[in-house]
Amino acid sequence: MSVRAYNTMARAKEDFLTRDPGKVAMYVCGPTVYNHIHIGNARTFLSFDVIRRYLTFRGYDVRFVQNITDVDDKIINRANEEGRSATEVAHEYTVAFQKAMADLGILPPTVQPKATETITEMIDMVQRLIDRGHAYVVEGDVYFSVRSFPGYGKLSGRDIEDLESGARVDVDERKHDPLDFALWKTAKPGEPHWPSPWGEGRPGWHLECSVMSERELGVTFDIHGGASDLVFPHHENEVAQSEAATGEPFVRYWLHGGLLQVNAEKMSKSLGNFMLLKDVLVEYDAPIIRLMMLQTHYRSPLEFSTERLNEARVAYERLLVPVREVKRALESDAGWAARPATTEERKAFVGNIGNARDKFQAEMDDDFNTAGALAAVFELARATNRFLGGFGIGEHSENAPVLSQSAQTIIELLGVLGIAMPEARAGEYPKEVVKVAAELAGYSGSDPRAAVEALLAARSAARTERNWAAADAVRGGLEALGFTVEDTPRGPRVTYSPEN
RNA sequence: GGCGACGUGGCCAAGUGGCAAGGCAGGGGCCUGCAAAGCCCUUAUCCCCGGUUCGAAUCCGGGCGUCGCCUCCA
């Protein structure tokens with residue numbers, strides 16, 4: 001079985017065959033750095049991060065390129081509003097973008113070119129287009145002539161005539177055709193500018209991706225990704241520019257992600273209904289955000305709400321429990337068995353592990369179906385809970401290897417989706433617990449860990465005396481500080497998990 | 001107006017011809033002093049109407065509804 005992917009150009013799922021065997025050349029449109037990215041932007045970057053991770057998992061050597069658009073009208077506008085330079089604005093939000101990506105657990109691109117560092121190549125492509133009769137100069141501006149490229153509209157499934165009849169495009173007298181778009185713009189006073197054969201100016205937005213992808217990946221590269229709102233005109237224009245300039249097909253597979261919505265409406269900066277990624281990350285850890293988003297297929301619209309994030313928090317915990325419980329059992333329950341597992345029962349459990357792995361891969365192979373893949377992991381989590389609860393480690397620790405294997409599989413498969421286990425917080429018990437221990441357990445030291453031990457001992461004593469009020473006071477005191485106290489057949493256990 | 005996508009249990013969401021995954025929430029049970037966690041059981045005429053087929057959530061036609069793009073947008 002090979003990977004299949006939905007190709008916007010073909011309007012169908014296709015077998016994924018790369019230009020060079022074993023290698024993937026992949027490009028995803030990056031942000032225009034005029035503001036912090038919102039959670040909708042983040043979804044797209046997350047989708048392609050997972051696609052990249054999965055292709056790597058499948059053994060491909062992935063070269064992943066994502067640009068930064070650091071010269072653009074929006075950046076200039078923002079700079080003017082704030083009375084500072086465009087360079088300053090771009091730099092601030094470039095740094096913020098990179099940090100937010102890292103915080104969401106998104107792997108850094110192999111290369112991250114900036115528009116302002118690719119000006120020479122931009123000018124070169126504009127010149128190539130002019131030379132080949134696909135672009136024309138008007139008073140220092142250069143426009144691409146859509147009529148000169150017969151394939152215009154093939155990506156988005158549009159027809160030039162239809163576009164023009166319904167056109168709300170502003171009529172610029174200087175353009176040969178209303179659909180022609182700027183490759184190079186004359187700089188107004190105070191705007192960033194670079195010298196060119198057509199005068200001082202700056203590149204048009206659509207040009208950037210064509211140039212940077214060609215520079216980093218060559219002409220017909222494997223995957224070009226972005227959100228579906230970029231299909232037209234951005235990607236359509238890229239196809240036109242690149243294919244007109246090179247005479248070669250631009251991209252093998254066009255992948256487009258669905259949009260994130262709020263109240264059934266697209267989240268966008270212009271609509272003002274957005275939440276910034278960095279703000280969401282304050283309340284919810286990256287694995288929770290990732291889990292929430294990946295439970296929906298990347299091409300489907302995704303309704304965003306804090307309710308869904310809260311649900312994902314619970315679901316994430318469900319995935320953590322078997323891993324945590326297996327680890328704990330391996331550490332402290334050696335030789336314990338609720339009842340012995342038969343060889344067949346153990347074999348069946350090993351089968352569950354294999355099935356989860358197979359299903360995970362089959363789902364991901366089928367157009368990166370993360371929702372289906374996650375279902376496989378949830379199923380393995382249940383099987384692990386059942387096996388551990390039913391049989392334990394085994395009298396002679398005979399179940400230890402399979403339990404360990406299962407927990408490792410859960411960790412590994414989640415890892416392919418970039419959903420990390422929580423970081424160990426060993427030794428980070430809060431100091432307040434000492435005071436509670438002094439109050440309820442007569443503890444006189446200052447070590448939080450010993451204080452917890454003292455509290456548990458006091459609670460056990462109270463329970464032996466059937467003094468439920470005292471026992472519950474201890475549990476309540478611990479829970480108020482973020483501990484969970486649970487009684488098991490093997491004795492009480494405490495887990496510390498401060499709310500994130 | 002043009003082009004495209006979607007409509008699956010209370011909510012979210014996989015599944016694109018053969019007994020309807022998974023998560024959240026709810027109900028019942030086991031376990032527990034009570035809990036928690038876990039396990040077991042439990043909730044679907046797959047928007048409507050026709051058609052094709054031995055068989056349709058899945059294919060075709062029509063209708064209704066929602067969303068996206070057509071202007072900057074991830």
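Which residue stands opposite Tyr 27 in β9? The residue is His 224.

This report concerns a predicted model, in which local features need pLDDT of at least 70, side-chain atom pairs count only at pLDDT 80 or more, and totals for chains, interfaces and linings use all residues. Residues are numbered from 1 along each chain as its sequence is written, chains are lettered from A and ligands numbered from 1 in the order in which they are written, and side-chain values use heavy atoms, with hydrogens and water left out.

Helices (H or I, at least four residues) and strands (E, at least two) are DSSP runs numbered from the N terminus, and two strands pair if DSSP finds at least two bridges between them. Strands of a sheet pair through backbone hydrogen bonds, either parallel or antiparallel. Strand β3 (residues 23-28) runs parallel to β9, joined to it by three bridges. With strand β10 (residues 251-257), β9 pairs in the parallel sense over six bridges; within that pairing, Phe 221 has Val 251 as its bridge partner in β10. Seven of the seven residues of β9 are buried, where buried means under 20% relative accessible area, exposed over 50% and partly exposed in between (1.4 Å probe, protein chains only).

Thr 220 lies in the loop between α6 (205-217) and β9 (221-227). Thr 220 counts as buried because its relative accessibility is 18%. A polar atom of its side chain lies 2.5 Å from the backbone oxygen of Pro 249. Contact means heavy atoms within 4.5 Å; leaving aside neighbours within four places in sequence, Thr 220 is in contact with Arg 19, Glu 248, Pro 249, Phe 250, Val 251 and Arg 252.

**A three-stranded sheet**

An open sheet with mixed pairing has the strand order β12-β11-β13. β12 (265-266) and β13 (302-303) stand at the edges with a single partner strand each, so one side of each is left without a neighbour in the sheet. Strand β11 (residues 260-262) pairs with β12 in the antiparallel sense over two bridges, and Gln 261 stands opposite Lys 266 in β12.

**Cavities**

A cavity is a set of points, on a 1 Å grid over the protein atoms alone, where a 1.4 Å probe fits but cannot get out; lining residues have an atom within 4 Å of a point. Grid points are joined across faces, edges and corners, and a volume is the space filled by probe spheres set on the points. Three cavities of 30 Å³ or more are counted. In the table, Ala, Val, Leu, Ile, Met, Phe, Trp, Tyr, Cys and Pro count as nonpolar, Asp, Glu, Lys and Arg as charged, and the others, Gly among them, as polar.

| Cavity | Volume | Lining residues by class |
|---|---|---|
| Largest cavity | About 80 Å³ | seven nonpolar, four polar, one charged |
| Second largest cavity | About 40 Å³ | five nonpolar, one polar, no charged |

The second largest cavity is lined by Val 28, Phe 45, Phe 48, Phe 64, Gln 66 and Ile 106; α1 and β4 (61-66) are the elements that give two or more residues to this lining. For the largest cavity, α1 (39-57) and α9 (286-294) each supply at least two lining residues, and α1 gives the most, with five. The lining of the largest cavity includes Arg 43, Leu 46, Met 293 and Phe 368.

**Ala 341**

Ala 341 is found in the loop between α10 (306-332) and α11 (343-365), and is buried, with a relative accessible area of 10%. Its C-alpha atom is separated by 8.8 Å from that of Gly 392, 51 residues apart along the chain.

Notes. 1 Å grid on protein atoms, 1.4 Å probe; cavity = no way out; pocket = protein on both sides within 12 Å on 5 of 7 lines; lining within 4 Å. Polar contact = N/O pair within 3.5 Å; in protein donor to acceptor, adjacent residues only side chain to side chain.
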